[in-house]
Amino acid sequence: MAIVKSDVSFIENVVAKYPTTKGGIVAILQEIQEREGYLSPDALDETARLTGISVNEIYGVATFYSFYKFNPPGRHVIQVCLGTACHVRGGSKILKELERLLKIKVGEVTPDGKFELNRIACLGCCALEPVVAIDGKFYPRVTARKLPAILAEYQD
Amino acid sequence: MELTINGQRVSAEANETVLKCALRHDIHIPHLCTHPSLPPFGACRMCMVEIEGMRGYPTACTTPAAEGMVVRTETEALRELRRNILGLMMLEHPSACLLCDRREQCEEFRPSSEKVGRTTGCHTCNNKEVCDVRKLSEDLGFCQLPVPPLYHFRPLERSDPFIDRDLNLCILCGRCVRVCKHQHDTSIIDFVGRSSISRIGEAFGRTLLEADCRFCGSCVDVCPTGSLADRYAKWFGKPDSWAETTCMFCEEGCALHVGLEDGKAVAVRAVDEDKPLCVLGRFATAPFMNGTERLRAPQIRVGDVLREVSWEEALTRASEKLSACKGGAFAVVCDTSLTLEDRYVLKKFTTDVMASPNFIISVPDGNGRAKASLPDGVTAVLTTGDFLTETQRDALDVLVVQDCYPSAILEKADIVFPAALFTETEGTVLDCRNTARPLHRLTTPPGQARTDGEIITALAAALNTSGFPGNDRATLAEAAGIPEATLYSKRESVPAAASNPAKRSAWFRGHNLALLVGGLKSLPADGEPVAAEEEASLPTFVPTDKRIPFQVLSKQEISPNNHEIIFYAPAVAKKAKAGQFVIIMADATSERVPYTLCDWDANEGTITLIVQEKGQSSRKLALMRTGDTAAHIVGPLGTPLEIDNYGTVVLLGGCYGIGAHIANAKALKAAGNHVILIVEARSHYLHYYQEELASVADEFIASTIDGSNGVKGHSIDVLLRRLKTGAKVDRVIAVGCPFMMKTVAAETAEMNMPVLAALNPIMLDGTGMCGACRVTIDGKTKFACVDGPFFDAHLIDWEELKDRRNAYSEAEIGSLLRTEPVEHAHHAHGHGCGCGKS
Ligand code: SF4
Ligand code: SF4
Ligand code: FES
Ligand code: FES
């Protein structure tokens with residue numbers, strides 16, 4: 001997957017909107033991520049140049065929040081629910097199995113950019129435990145054995 | 001303003017914190033994150049105190065002292081609290097050595113730390129001799145971890161010049177982050193991530209170099225742990241003494257604080273704590289002064305080659321040559337990196353002795369390299385460095401060189417004098433502001449090197465000159481009108497090169513410094529063509545059916561600093577017996593080192609070894625990758641372990657010995673023994689092979705020093721407890737570090753029970769010829785390579801063994817002395833090293 005070359009004028013505009021304080025940085029990064037999907041080295045280097053704050057410090061701020069991503073998102077986002085209900089019904093086993101099948105760790109994207117594997121605290125449909133959502137589509141009562149078939153639905 | 005601390009009335013200055021005030025009055029309050037040159041931070045909570053009228057336990061480092069305050073710093077509640085905080089901090093730090101009951105004996109047996117890759121405890125830590133954490137732990141009587149510790153297995157960061165980082169030791173005190181920001185007004189390092197994955201680092205896992213680090217070394221200097229280290233200085237330990245002088249690498253005139261050991265400079269820091277040095281002063285001084293290439297003896301040309309001779313002979317030859325070319329045909333060429341005194345002597349020599357007007361100070365050309373232009377008719381030159389072009393050199397009849405390092409100019413030199421310099425000389429230099437700065441003679445020149453002034457004075461004497469000024473500094477200073485010099489110990493500003501390494505000077509006496517101090521190669525410098533960075537291309541190993549002897553078939557770090565390597569060595573595998581070892585040479589020039597055979601497979605032709613990175617040779621092995629081939633493996637060597645049915649045999653293992661017992665246990669069990677295997681490690685994460693071990697022994701017990709896995713204590717403690725209950729043991733075999741085996745011997749000395757220990761001293765041939773592996777058993781000399789490795793532990797002369805092992809410790813440090821990145825250090829990219837690169 002091609003890495004988005006950051007849009008410099010866009011970043012310039014965003015930086016101009018906020019103060020160059022830690023709080024301001026958080027807002028700036030949020031806008032960049034909304035537009036580009038993640039925080040690329042290019043985007044942060046550019047933000048650093050424009051704000052005069054070192055890129056290492058900006059990265060430090062960004063990594064403090066689990067909300068920011070530093071890799072291009074996968075084409076399909078898998079969310080494994082680990083809320084209480086899903087957890088007791090083996091949500092973490094499902095997550096482990098997905099890690100094994102996709103050969104990535106939670107939070108990572110497969111090398112071909114196809115899947116991104118995330119955990120989530122609750123998807124709000126506890127009756128369907130354990131739940132997995134892919135691109136917003138819910139799969140109820142998932143078992144490890146069902147996973148290969150579910151993944152096979154996503155071909156592109 | 002007055003306050004009371006521990007019942008003592010003390011006065012506080014305005015804006016002083018309680019901690020500062022207490023320390024100023026010699027009242028000690030423990031503190032870790034506070035550093036005298038940094039603003040308070042309040043991260044470690046170690047400095048908590050009780051203040052009347054204040055709730056809870058405020059931190060002394062952030063609380064301003066106030067009139068009438070009543071402070072208590074040493075109550076039992078506070079000590080308990082601090083112990084607990086330290087306990088939490090030590091959960092993510094290799095802390096077992098702090099908790100060990102035998103640490104004093106250990107310290108005595110191996111006073112200097114071992115030169116490992118990964119530090120897994122104080123006795124292998126480069127920071128051991130100056131550690132704040134260790135000191136604190138002792139003061140507080142710290143003796144227990146609340147829960148088992150965690151080892152993050154963060155990759156060693158050794159791919160930057162000059163700086164090694166092992167963030168597994170980091171306690172997140174933030175001193176390094178703060179000093180970087182404070183001194184450079186930017187952050188090259190910062191905290192990355194949060195909570196338990198928080199660490200210090202650069203954006204996107206960049207290296208320091210990629211993040212534009214200045215390599216001022218301040219982070220290394222303030223780090224209270226062994227996490228950040230000066231690659232060159234780290235294994236020297238604490239210098240014997242510190243002294244001050246002026247840096248000679250450029251004309252900034254920075255004052256250097258030089259750490260000295262045995263007449264050598266081993267470490268350098270800024271005298272002005274607030275104004276960092278540039279990379280040259282901080283990191284290049286010691287390697288430059290101690291360089292193995294330094295010129296050590298006078299030489300004269302004999303035909304095509306230069307031959308080392310005595311000073312007398314060299315001086316006579318020089319005077320013969322020079323007396324024939326007095327007047328305008330002679331010139332002295334030097335640059336400004338000489339002391340004013342030496343320059344005066346050289347000038348005097350030119351005009352008074354050689355009757356020549358040609359005293360030439362070469363000036364830097366566009367590239368910063370000093371070059372001289374010679375007047376017409378000059379046929380004889382005395383130069384203090386490489387300042388002449390090839391054409392200029394070739395046109396000369398006589399060339400006398402006095403210099404510190406070899407260079408191209410020696411190809412034409414008739415006579416070479418080895419020159420002492422910098423920390424080896426006394427004198428005065430002028431800085432770029434025209435202020436006189438003092439140089440002090442702190443270190444011993446290499447070999448027979450003499451200072452430039454001494455050389456010229458001797459040469460003048462050889463030329464029968466009378467009335468030539470001697471080398472008395474005071475007289476010289478007066479004659480030459482040299483002003484009183486003062487150390488630049490409070491700088492007005494940071495030197496330009498400390499904010500930008502490219503601004504450093506690249507040349508010294510006509511030498512390209514990057515060629516003399518390896519670490520500089522990766523740093524750009526003004527006017528110096530950047531050496532094209534050879535991308536260490538690591539060929540990927542494609543497994544084929546064709547195996548090459550001595551090839552690495554698999555290699556993994558099975559526990560921190562312990563590497564399991566499986567070699568293809570069919571001839572060894574075919575004949576191997578339990579207890580035997582092999583001698584390996586990693587490459588054609590490396591040492592020959594013995595390694596015990598842990599396991600082997602005669603059908604597959606493979607042997608399995610456990611290699612601990614502990615120095616230059618084992619590092620080479622530890623850095624090998626699957627598919628690489630060792631230069632040579634000989635074996636199996638040594639007398640196999642005697643196997644018989646003894647009854648109950650206890651095998652005690654530690655470090656590499658854990659793996660080594662696999663073969664021993666298998667063989668003993670096959671002979672009908674009841675095999676009890678007890679293995680020890682400092683902490684749970686250092687244990688390896690547990691399942692395999694459990695399957696080859698009748699009973700398997702693991703022990704840890706910090707109690708985080710199995711029984712708390714050493715393996716011998718487990719055995720002693722067993723024996724107390726009346727258990728019968730017919731034989732004990734200990735394999736591990738000498739300290740562990742010695743302890744086993746000492747603890748069982750009074751018992752009537754055979755105890756064997758496996759000795760592996762330094763070996764060379766491994767066949768009983770060289771005598772390198774001599775050990776004394778019951779007063780008789782034995783060769784460990786053929787008579788051993790197993791000997792009666794009670795009859796071994798452990799003290800002698802210790803001395804023999806330490807005999808080469810200095811040479812071993814010497815062989816590790818490098819400033820450039822350790823090759824392949826980052827080969828784990830993309831395999832969980834977490835640096836973000838692939
Ligand atoms: S930094 Fe090193 S010496 Fe200090 S406590 Fe840690 S391991 Fe021990
Ligand atoms: S690396 Fe050293 S100075 Fe930096 S935070 Fe860790 S322990 Fe503190
Ligand atoms: S010294 Fe006060 S909190 Fe660290
Ligand atoms: S190694 Fe040379 S005699 Fe033993």
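The following dialogue explains several terms as they apply to this predicted model.

Guide: In this predicted model, local features need pLDDT of at least 70, and side-chain atom pairs count only at pLDDT 80 or more, while totals for chains, interfaces and linings use all residues. Residues are numbered from 1 along each chain as its sequence is written, chains are lettered from A and ligands numbered from 1 in the order written, and side-chain values use heavy atoms, without hydrogens and water.

Visitor: Why is helix 2 of chain A called roughly perpendicular to helix 4 of chain A?

Guide: Helix 2 (residues 22–36) and helix 4 (residues 55–64) of chain A pack at an angle of about 75°, with their axes 10 Å apart. Angles of 65 to 115 degrees count as roughly perpendicular, so helix 2 of chain A is roughly perpendicular to helix 4 of chain A.

Visitor: What makes up the contact of helix 2 of chain A with helix 4 of chain A?

Guide: Contact means heavy atoms within 4.5 Å. A:Lys22, A:Ile25, A:Val26 and A:Leu29 in helix 2 meet A:Glu57, A:Ile58, A:Val61 and A:Ala62 in helix 4. By class, this contact has six nonpolar, no polar and two charged residues; Ala, Val, Leu, Ile, Met, Phe, Trp, Tyr, Cys and Pro count as nonpolar, Asp, Glu, Lys and Arg as charged, and the others, Gly among them, as polar.

Visitor: How many residues surround ligand 2?

Guide: There are 13, and B:Cys170, B:Cys173, B:Gly174, B:Cys176 and B:Cys223 are the closest; a residue is near a molecule if one of its heavy atoms lies within 4 Å of it. The shell around ligand 2 has nine nonpolar, three polar and one charged residues.

Definitions and conventions: Axes fitted to C-alpha atoms, helices over the stretch in contact; angles between N-to-C directions. Helix = DSSP H or I, 4+ residues; strand = E, 2+ residues; numbered from the N terminus. Parallel < 35°, antiparallel > 145°, perpendicular 65-115°, else oblique.
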